[in-house]
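I wanted to see how the two chains meet and then what goes on inside them.

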Amino acid sequence: MQIELRDIRKSFKVYKRPEGKWGLLRGALMRNVEVVEALSGISFGIAEGELVGYIGPNGAGKSTSVKIMSGILTPDGGECRIMGRVPWKERTAHVSRIGVVFGQRSQLWWDVPVEDSFDVLRDIYGIAPGDYRTRLAELTATLDVGALLRTPVRQLSLGQRMRCELVAALLHRPQILFLDEPTIGLDAVSKLALRSFLKEENRKHGVTMLLTTHDMDDIEALCERVMVIGHGQLLYDGQLAGLQTKYAPEVTLKVNTDAMIAAMYNDLALT
Amino acid sequence: MNMKQTGRASRSLLRISMAEGLQYRASAISGVFVSVFWGILECVLFTVFFTYGDNAWNNNGLSLKQTISYVWLGQALFLFQRMSIDGELMDKINNGNVGIDLCRPLDLYTHWFVKSSAGKLGTSWIRSAATVLAGLLMPAGYALGAPSSLQGFLSFLLSVAMAFILCSAFAMLVTAIRLNVTWGDGPTYMLLLLSGILSGTYLPLRLWPDELQTFLYLQPFGGFADIPIQLYVGSMAPAAALPGMGLQLLWSLVFVLGGRWIMNRKLQTIIVQGG
């Protein structure tokens, strides 16, 4: 197994203001500390080249586990080995082999052209110049961002920026890619483009992907295996089809709304 | 991660941070106006004190002419000091984007040290140069004088470079402390203000009470501005340059080690804010 988690636990302290009439004042003097368990013993394994969907309601612990797997957070307990390394202990060695895309955060420099950000990443990851050129050419061609390279990041639309984020995350040829809500806020056309790109990248380079999302069309289009998490525990791990037979046995026909809307945009020449 | 690799990454970060800093030209120009205004104000004040004082106070061998030069260089070097934590790093701490930087195969301390000093360098050298130029162009009584000697000037230049490193190292220590998100900005501003006062920028350290002089010489913040400027104006002989720069180096090391230690400890328990 390329990724292995065993009984990973993590809890956070949450500060609560006391209730009642004088709660505001009392809260300034003494705080009620409440310990919230974000992950209460999660275990799973992911093999090389798998494309796994990771779903669950808000606050279920998805982001926390992704952060632990990318070496950002240290768990309270449990074991985790990714490509033979413990992420939070050998952070720098670990992160040079993975890529991360957070849909709500940007890893590009805001005020300078996109290309400058890529150049900095080349130096940070120590990518050889020749390899960098071929990789950049390949990524810009498939994601169609060649025309954006000289534009400052702040002037890109969300869809354009997200495509550039993907280039940034994949420049150093990571073996594992963590995607945290990559399609959030994107229009139908961008979503479809992103999905087909991810699928292609997975097929061609064998990149393992863990996809966190609330968009079930993402999951359906990309992942065979899904993991459902709730209250910090793994509730389901298996085929997406298995969920369907259990919870939606009567559904037989479904319109792909994204494809429909994308077709409309294309028809109206909006893209 | 070897040294060569880190060096290349640092250079690259330096370049992009400077490019970002240079985007804000209007802020650089207005900054020069503030520096020059303060410079003139202080020149007037010190002229009054020196001219009409009853000589009962001990100026520790700092003449009016030297004090005027001190003021202008103080304004120029003041730009190395932080009035607040680097905006980009502050945002990262507050909204959890520190996670993005932790996903880079770089030591976080080195990464941030380079980023914040480069951001500072990107804007401050223009402002510093413009302030010095303004000082040189002032009417005779208020003008920045020539250095006391060539040796003094050379040791001044070297000491200025050390001052920049010292300021950056201290800013990183403060940033590391600020990683305690729930503490808020209070401790940060107290530390930065204290360092500013003890650097001599507001009142040349030689003009402080005699009993404090030994303390003022040994404390870390004199290295921000006082040591290089005294080397320039000659109230500190070139022979004293080596011990002075030794002090700057020593305190830089202390701040780097302290900042690293606090940051590494914080990273064990860090909470990455937001979903």
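I counted seven residue pairs in polar contact between chain B and chain A, both residues at pLDDT 80 or more. A polar contact here is a pair of N or O atoms within 3.5 Å; within protein, one must be able to donate a hydrogen and the other to accept it, and residues adjacent in sequence count only if both atoms are side-chain atoms. This is a predicted model, where local features need pLDDT of at least 70, side-chain atom pairs count only at pLDDT 80 or more, and totals for chains, interfaces and linings use all residues. Residues are numbered from 1 along each chain as its sequence is written, chains are lettered from A and ligands numbered from 1 in the order written, and side-chain values use heavy atoms, with hydrogens and water left out.

Next I looked for salt bridges (a side-chain nitrogen of Lys or Arg within 4 Å of a carboxyl oxygen of Asp or Glu).

How many residues does each chain bring to the contact? Chain B brings 35 and chain A 31, with contact meaning heavy atoms within 4.5 Å. About 2800 Å² is buried between them, 56% of it from carbon and sulfur atoms; that is accessible area (1.4 Å probe) that the two parts lose on being put together, summed over both. B:Ile16, B:Arg104 and B:Pro105 supply 22% of what chain B buries against chain A, more than any other three residues.

I then went inside chain A, to A:Asp215. Its side chain meets A:Lys191 in a salt bridge (2.9 Å, N to O). A:Asp215 sits in the loop between β7 (208-212) and α8 (216-222), and A:Lys191 in helix α7 (residues 188-205), 24 residues apart. Helices (H or I, at least four residues) and strands (E, at least two) are DSSP runs, numbered from the N terminus. A:Asp215 also bridges to A:Arg195, with the closest N and O atoms 3.7 Å apart.

Buried or exposed? I checked A:Asp215 and found it buried at 15% relative accessible area, and A:Arg195 is buried at 6%. The cut-offs are under 20% for buried, over 50% for exposed and partly exposed in between (1.4 Å probe, protein chains only).

Last, chain B: B:Lys115 and B:Asp101 form a salt bridge (3.4 Å, N to O). B:Lys115 is in helix α6 and B:Asp101 in helix α5, so the pair ties together parts 14 residues apart in sequence. Both B:Lys115 and B:Asp101 are buried.
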